[in-house]
2 protein chains.
Amino acid sequence: MADEDERVRIGIVGCAEIARKLCRAISLSPSATLWAIGSRSIDKARSFAHQNGLSSSVRLYGSYMEVVEDPDVDAVYLPLPTSLHVQWAVLAARHKKHVLLEKPAALDLPQLDQILEACSSNRVQFMDGAMWLHHPRTSRMRELMTDPQLFGHLNSVHRNSTFCATPEFLDGNIRVKPDLDGLGALGDLGWYSVGSILWAAGYRLPTSVVALPQVTCNSAGVILACSASLIWDWRRVPNPDLDSPRHPHPPYQTVATFHCSFLANLSMDLAIIGSNGSIHVMDLTIPIEEQSASFDFTPATKFVELHIGWSTKPERIQVSSELPQEALMVEEFASLVRGIKRSGCQPDSKWPEISRKTQLVLDAVKKSIDLGYAPVHL
Amino acid sequence: MADEDERVRIGIVGCAEIARKLCRAISLSPSATLWAIGSRSIDKARSFAHQNGLSSSVRLYGSYMEVVEDPDVDAVYLPLPTSLHVQWAVLAARHKKHVLLEKPAALDLPQLDQILEACSSNRVQFMDGAMWLHHPRTSRMRELMTDPQLFGHLNSVHRNSTFCATPEFLDGNIRVKPDLDGLGALGDLGWYSVGSILWAAGYRLPTSVVALPQVTCNSAGVILACSASLIWDWRRVPNPDLDSPRHPHPPYQTVATFHCSFLANLSMDLAIIGSNGSIHVMDLTIPIEEQSASFDFTPATKFVELHIGWSTKPERIQVSSELPQEALMVEEFASLVRGIKRSGCQPDSKWPEISRKTQLVLDAVKKSIDLGYAPVHL
């Protein structure tokens, strides 16, 4: 653990439900400490502190602004409704606070670009709240996927991201309110879907995006369920790897599909099919258990004689995790912040780039829906 | 086992590779016996019989016609290239032979309708060669899916169906030849994809089908890889179940996507997400092992407190099978044939209806591709 005065002091802006998970994550992260909590009223902040057993040393504020202005706060975590992200993330950056922003990062790319510009020009770290990227399982899958023998080139990806919202959620949650989280399930669950597909594609943007003609909206027009496909037409993406004699079957393409919904049983599976291997995960967004998570890896497989079985079985690969993924996210964020603060490092551009590409594709899905499911070329 | 003279006498028309698997299946099926094999030359038939250790009692013919005309043959299995299906299936039916037809059943629905009309008017059983439908795992999944508490209504389905074809296959296999299997991967693997999606949807036809703008063809224009989506807009499908107060969120829709490819590692996974439960299978088309096959069932699942895990884990359900699925298919086919032959039963209309719906949707996918990925309404 870092010395107490070396720990990054995080202020939480807003007492959303997800903030409870982050309080615990910050408490588990050796490099961070929870410094302050701000809510729209001091009573709400006090009640949140009491309910979550926070130390009395945590400063409680009756406004968001006080957190952002607290000179002792190094970084803020913003679990606010998406419509408020641009205002508060930009304000925080201008106050030289590093920004850990709950997803979806913004309502659209122009808003996110305002945030990223503010972070960049104030030399503060930006990171969105996609926790699964920080689980060691994710790195383990990446290792396999970058091995040409074990995985090969990417052929297809499918991602489900659903949960069964309660009637109360569908009636009143901020994620179904047009003025708060106008992107609905596309913003909330779609952030994970698009994010994991881009991750699988090594963050190369698709050449086109098309929403499937299946969108369910509530009476206010907020998306409750939708699906889309992303296409990589590698003929239009120069890539020396794919022009080698190992890939003699042009035109070579990659396709990804995803489905997200507030109206279905919990699912968060990812299937990634490569030319030489494939990966299946059941619980990508939030692992079933904290200590250990698994995925199935199927290496180059043929049929046995007479096609009555498989030559190799999928292998279940178990990856243990000393800290929960959200604590690893806080730890990664805090270590970057410390590097900037103490050692004069530049903010890591990887994280804003990931968020920006995710938002860009989300925008394209939304545009495709608005255009009556027309393809949107990127 | 049936008395020897009670067993249904099957003639195989054509010595394709898949015929070897069916020879074994027939030998394992208590109700069937392999009676004859016909190839384009008697030498090929002899060589096939020798290579597969067939009993000397199996009649060997140097033409397809002799099998069809053999008065002792009750039923034929036709593993011919798809372009020959209509000719030989119709001929077989006219000779009062029951027809077990390798998939894809035909090049298009008009051809299949000729076959089905010939079977119907000659009162012979028709069944296509989709073996997975006969595995007890398939019935076990259906049981769960018809339980409103355990599964609920169907939300989404995704199916991968891929294998990594060898250069020799891509160069010369009948499945990539425009004059033999003109539908390529869409016909071969798409038959399984569409078939399992329709199965999951209880064989209700989708309201629309749209191919995704990702099709890889060989130089002769045969599809090597493609993807599509099927949409059920239940507002357009009267269904009292869905108009109940249990489904208060109109407009309610179901979406399915599939990807099929000759250019990727072996995959045959199916993910079915319902409102109350979900099912994931890794090896739907051909189980990894013969004796036992599994699937994962996830009952109604929530997050645990703080959203740091799942309230219930997916349950791995193992289903053992006394006979391989292809022998169960032969057994089902033979028992229907026996019922018609001995007891005057009518042919079971279930099997031709399943094939017809599968072909109808395949045709719609093909049409959508030909129309530049436009939606095709059914």
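Author: Let's start with polar contacts: a polar contact is a pair of N or O atoms within 3.5 Å, where within protein one must be able to donate a hydrogen and the other to accept it, and residues adjacent in sequence count only if both atoms are side-chain atoms. This is a predicted model, so local features need pLDDT of at least 70 and side-chain atom pairs count only at pLDDT 80 or more, while totals for chains, interfaces and linings use all residues. Residues are numbered from 1 along each chain as its sequence is written, chains are lettered from A in the order written, and side-chain values use heavy atoms, with hydrogens and water left out.

Reader: How many residue pairs are in polar contact across the interface of chain B and chain A?

Author: The rule finds 27, both residues being at pLDDT 80 or more. On chain B, the residues touching chain A divide into 28 nonpolar, 28 polar and 13 charged (Ala, Val, Leu, Ile, Met, Phe, Trp, Tyr, Cys and Pro count as nonpolar, Asp, Glu, Lys and Arg as charged, the others, Gly among them, as polar).

Reader: And how many salt bridges does the rule find there?

Author: A salt bridge is a side-chain nitrogen of Lys or Arg within 4 Å of a carboxyl oxygen of Asp or Glu. Four cross this interface; one of them pairs Arg20(A) with Glu305(B), with the closest N and O atoms 2.6 Å apart.

Reader: What rotation superposes chain B on chain A?

Author: Two copies of a chain are related by a rotation about an axis and a shift along it. Here the rotation is 180° with 0.0 Å of shift (RMSD 0.0 Å), by least squares on the C-alpha atoms of residues with pLDDT of at least 70 in both. That's the relation of a two-fold axis.
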